[in-house]
Amino acid sequence: MDNTKRYERLRERYMNGGIDRRSFLGLIGAAGLAYGVQTPFARHALAATEQVRFDGWGGVVSEAFRKHAFDPYTKASGIKVVDGTFGGGDEFLSRVKASQPGEYNIAHLSGVFDYARYHGLGLSSTLNEKNIPNLANVIPKLVDVFRKVTDGSLSCVPYDYGTTGLAYNRKYISDEEMKEKGAKILLDARFKGKIAGWSDWRTRIWYASLQTGQDPNGATDMDAIWDALRTHRDLLLKYWSSGAELMSLLAEEEIYVTEAWSGRVHALQQQGHDIGYMDPPNGFGWQECLFVIKGSPMEPCEELLNFMLAKETSIAVAEGQSYPPALDPTKVELGEIIPTLPAFDPTGTLDGLTFADPAYWNGNEQKWSKAFSRIQKGY
Amino acid sequence: MSLEEREARQPVLLLTPAITAVGLLLVVPLGFILVYSFWLRTATGADQAGFFLDNWREALSDPFYRDILLNTLKIAAVTTIVCALTGYPAAYFIARSRGNKALLLLLLMLPFWISYIIRTMSWINILGASGAVNSGLMALGLISEPLPMLYNEATVVLGLVHFLLPFMVLNVFVSLDGIDATLEDAACSLGATRWRSFLEVTLPLSLPGLAAGGLLCFVLAAGTYITPIVLGGPSDAMFANLVFEAIITQLDWPMGSALSLMLLAVLGALVLLYNHFLGMAQLMKGLS
């Protein structure tokens with residue numbers, strides 16, 4: 001809210017008899033004094049809120065955000081959105097840790113475990129939900145899991161969801177074979193040198209849990225998991241580390257099968273590549289949120305979040321990045337394309353997806369990320 | 001102030017900006033890294049300040065780190081040798097060419113105008129399953145299926161050679177260019193063959209340049225982490241990848257600091273060794 005609007009509201013209250021003349025003049029005088037004192041510094045502060053920094057996953061996702069959300073928002077509000085990219089949540093967290101408060105504002109984080117990690121490191125903020133009325137249209141289940149982490153308040157708004165399933169080249173692997181083998185296809189020696197995998201330790205351990213018949217949110221036989229990871233590594237062409245690399249490996253037929261992000265595979269299919277996608281039982285479901293980092297200018301950030309949650313923006317971004325929006329399909333009409341996206345749940349309950357338990361994954365993060373790093377390098 | 005006093009002060013005054021820059025941008029950050037290496041990472045990812053030797057104990061005693069360090073030194077050594085073998089003839093050709101040296105040197109510098117990452121990734125389009133080489137061989141009917149040429153240690157070395165070769169060529173060129181070409185003619189006039197005059201006259205005189213180029217290539221190769229990520233397979237990681245992972249992926253800045261200082265110590269020892277036997281003057285000459 002700008003100063004003119006504040007003054008008009010105060011004047012309206014005075015005209016309506018909400019405050020007496022003495023208080024009105026007193027408040028005007030105090031505002032004038034405060035303005036006089038802080039003017040040299042206010043210029044910098046106002047300049048800072050003329051832009052908001054947004055960091056996301058790059059590629060088709062960033063393109064969709066830029067085209068369907070940031071540019072229209074800047075046009076409507078005058079606030080510039082500077083967007084940066086990262087290859088993973090860990091990498092971005094390291095950058096934020098090294099930065100000054102306010103340097104990074106909004107991040108497109110994946111998973112509740114990342115939300116919990118940021119909160120654990122004191123990087124969460126408290127959103128004023130009154131400034132984000134469109135939050136009411138979001139699937140309640142997606143909002144509630146975040147509230148639990150931050151004691152009822154929110155430092156983010158859920159924005160989209162998807163899965164990390166199995167992508168395969170139909171020229172070499174049939175749909176039937178995929179259904180039969182599921183996650184174990186990644187350990188099939190027949191495809192040695194044509195298998196890839198994300199270098200993210202969580203995804204690797206999740207899929208190793210599936211391959212060893214264990215609960216991905218509560219594995220008990222870790223030795224079996226390390227063995228499965230080693231078997232997978234020995235059959236691997238390479239670990240990919242970004243969505244662009246994943247798409248390149250699949251499109252160039254360097255690999256025939258890998259686990260992959262649903263939206264990226266959909267983008268490949270749209271480009272005409274005959275790439276199949278399936279979520280094995282207990283496949284990795286995740287939700288992404290727009291997280292406001294502590295020290296950010298809250299009002300412009302909340303305004304941007306509300307703009308991005310508007311039906312038109314959400315649908316346009318979702319269609320652009322190929323991930324279903326967090327909007328509740330029982331409350332909001334999502335059009336014709338969204339229901340065709342991979343992982344879309346028309347009920348809005350998301351009961352068919354298995355999400356990562358933040359306590360389980362964050363509790364083992366230090367030990368497992370290190371263990372995977374060694375296995376990854378041949379140990 | 002006397003003239004002598006003013007002259008005595010001049011070096012200090014002239015060196016002050018450089019010393020300040022080195023102090024602020026190198027020594028102070030290095031001090032921070034040293035302090036960090038004695039801290040600990042807690043389960044939440046926050047750092048615990050203090051004086052703990054845990055990181056150093058792990059870095060120095062764990063065979064995992066030792067093996068990857070040795071592998072890194074091996075890859076750097078192979079890269080340096082390949083750079084020397086391929087760079088020397090190129091440098092010799094440039095140094096002995098007449099009239100078009102400037103153009104050849106400009107061509108040598110051309111790759112620096114393109115980002116190192118893009119240059120590295122270009123190999124995917126050359127050696128990939130649907131890259132130029134495989135497509136060409138298949139079009140000629142020489143192979144029926146693409147050959148697996150990417151994502152192994154050989155492609156890591158190839159990527160590093162591609163990146164570092166100009167450094168080697170420039171250093172050797174500077175050395176060769178300073179050698180009087182008539183010395184070879186003199187050797188020939190005394191009965192030596194062209195090859196013998198090269199082996200006995202030119203090569204020994206150009207060794208300082210070769211050594212300077214070798215040192216640069218080795219140090220830069222040993223510190224790289226992009227090339228193994230882009231062109232390496234699952235077990236082609238280099239030591240800098242461990243530093244990157246500790247700091248970025250595992251958020252373990254204290255361990256990452258200890259590992260980076262370990263690499264610095266190894267490479268620093270190598271530079272000191274070089275300085276002891278050959279001196280830094282040739283290196284400066286090559287860089288200028």
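A cavity is a set of grid points where a 1.4 Å probe fits but cannot get out, and its lining residues have an atom within 4 Å of a point. In this predicted model, the largest cavity is lined by residues of chains A and B: Lys370(A), Ser373(A), Arg374(A), Phe64(B), Tyr65(B), Leu242(B), Glu245(B), Ala246(B), Gln250(B), Met255(B) and Leu259(B). The space in this cavity amounts to about 80 Å³. At least two lining residues each are supplied by helix H14 (358-376) of chain A and by helix H3 (63-96), helix H11 (239-249) and helix H12 (253-278) of chain B. The lining comprises 6 nonpolar, 2 polar and 3 charged residues.

In total, 2 cavities of 30 Å³ or more are present in the structure. By class, 6 of the residues lining the second largest cavity are nonpolar and 3 are polar, while none is charged.

Helix H4 (residues 101-109) of chain B makes the greatest contribution to the patch, giving 4 residues. Leu103(B) is located in this helix and counts as exposed because its relative accessibility is 51%, where the cut-off for exposed is over 50%.

Conventions:
Residues numbered from 1 in each chain as written. Chains lettered and ligands numbered in written order. Predicted model: local features only at pLDDT ≥ 70, side-chain atom pairs only at ≥ 80, totals over all residues. Heavy atoms only, no water. Buried < 20%, exposed > 50% of the residue type's maximum accessible area, 1.4 Å probe, protein only. 1 Å grid on protein atoms, 1.4 Å probe; cavity = no way out; pocket = protein on both sides within 12 Å on 5 of 7 lines; lining within 4 Å. Points joined across faces, edges and corners; volume = space filled by probe spheres on them. Nonpolar A, V, L, I, M, F, W, Y, C, P; charged D, E, K, R; others polar.
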